[in-house]
Amino acid sequence: DDPDALFDHPLLGLDVAGQRVHLEPDLVAARLAGRFHVVEIKSFPVIDGQADPGKVAAAAIQSAVYVLALRELLAAEGHDAALVSSDVVLVCPRDFANRPVASLVDVRKQLLVLRRQLDRMARVDDLLARLPADFTADPSTDPERLRRSLASVPARYAPDCLAACELAYFCRAETRAETAALGRPVREALGGVATVAEVLALAAGSDPGAPG
């Protein structure tokens with residue numbers, strides 16, 4: 001009941017594709033202005049009042065996951081989920097000094113997207129059932145067998161994968177001829193054209209789908 005309590009690295013849980021995952025936000029400020037606020041501490045600087053938009057967007061998505069997990073925790077305990085604010089506190093160094101600056105970031109849009117993604121996400125058990133019978137991802141297996149096994153599964157690569165997945169370089173090589181490897185903005189700007197060859201053919205004025 002302390003109106004100004006702080007929870008340092010609380011452990012939260014969230015169901016993702018049928019699996020329970022554990023999350024650990026930097027901080028939760030309890031009852032700040034009557035509500036809980038997730039606090040995320042980042043190392044990228046705010047220079048002249050501006051921060052890198054891409055890094056702020058990534059921090060907002062990460063914080064939205066924490067907000068959703070905290071809301072579900074309160075709801076499970078019989079409390080009002082709205083006690084968790086959709087405004088998260090982003091703390092970054094100011095300019096090039098070690099002095100911190102805090103800003104409120106509204107993650108309502110990210111929460112809506114996150115809920116839709118979680119609702120549409122396939123269960124891990126269902127995905128595993130679709131794998132070939134001899135599939136393996138065991139790093140101790142024969143390297144050539146491991147490569148063939150991984151190559152048997154369609155790659156879903158985007159540049160964002162480089163920051164989060166150890167298989168990103170493998171998948172990037174698998175999808176080097178696909179426009180998705182250039183990033184979602186490029187893929188969307190191209191109207192969903194799947195391959196680089198199709199893009200080049202269209203740019204040259206030919207129809208890649210026409211018979212030769």
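**Nonpolar cores, a pocket and selected residues**

The largest nonpolar core comprises 29 residues, and those with the most contacts inside it are Phe36, Val67, Leu70 and Val107; such a core is a set of buried Ala, Val, Leu, Ile, Met, Phe, Trp, Tyr and Cys residues joined through side-chain atoms within 4.5 Å. At least two residues of this core are supplied by each of strand E2 (12–16), strand E4 (27–32), strand E5 (35–41), H1, strand E6 (87–93), strand E7 (100–106) and H2, where helices (H or I, at least four residues) and strands (E, at least two) are DSSP runs numbered from the N terminus. The most is given by H1, with nine residues. Apart from this core lies another, of five residues, among them Leu27, Ala29, Val89 and Val91. The model is a predicted one, in which local features need pLDDT of at least 70 and side-chain atom pairs count only at pLDDT 80 or more, whereas totals for chains, interfaces and linings use all residues. Residues are numbered from 1 along each chain as its sequence is written, and side-chain values use heavy atoms, with hydrogens and water left out.

Leaving aside neighbours within four places in sequence, Glu40 is in contact with Pro25, Asp26, Gln62, Ser63, Tyr66, Val89, Leu90 and Val91.

The largest pocket holds about 2400 Å³ of space; on a 1 Å grid over the protein atoms alone, a pocket is an open set of points where a 1.4 Å probe fits, with protein on both sides within 12 Å along at least five of seven lines, and lining residues have an atom within 4 Å of a point. Of the 46 lining residues, the closest to the centre of this pocket are Met121, Arg156, Tyr157, Cys161 and Arg184. The largest share of the lining, eight residues, comes from H2.

A search of the whole structure finds zero disulfides, a disulfide being a pair of cysteine sulfur atoms within 2.5 Å. For Cys161, the nearest cysteine sulfur, that of Cys165, is 6.4 Å away. Cys161 is partly exposed, with a relative accessible area of 23%, while Cys92 is buried, at 4%.

Key
Points joined across faces, edges and corners; volume = space filled by probe spheres on them. Buried < 20%, exposed > 50% of the residue type's maximum accessible area, 1.4 Å probe, protein only. Contact = heavy atoms within 4.5 Å.
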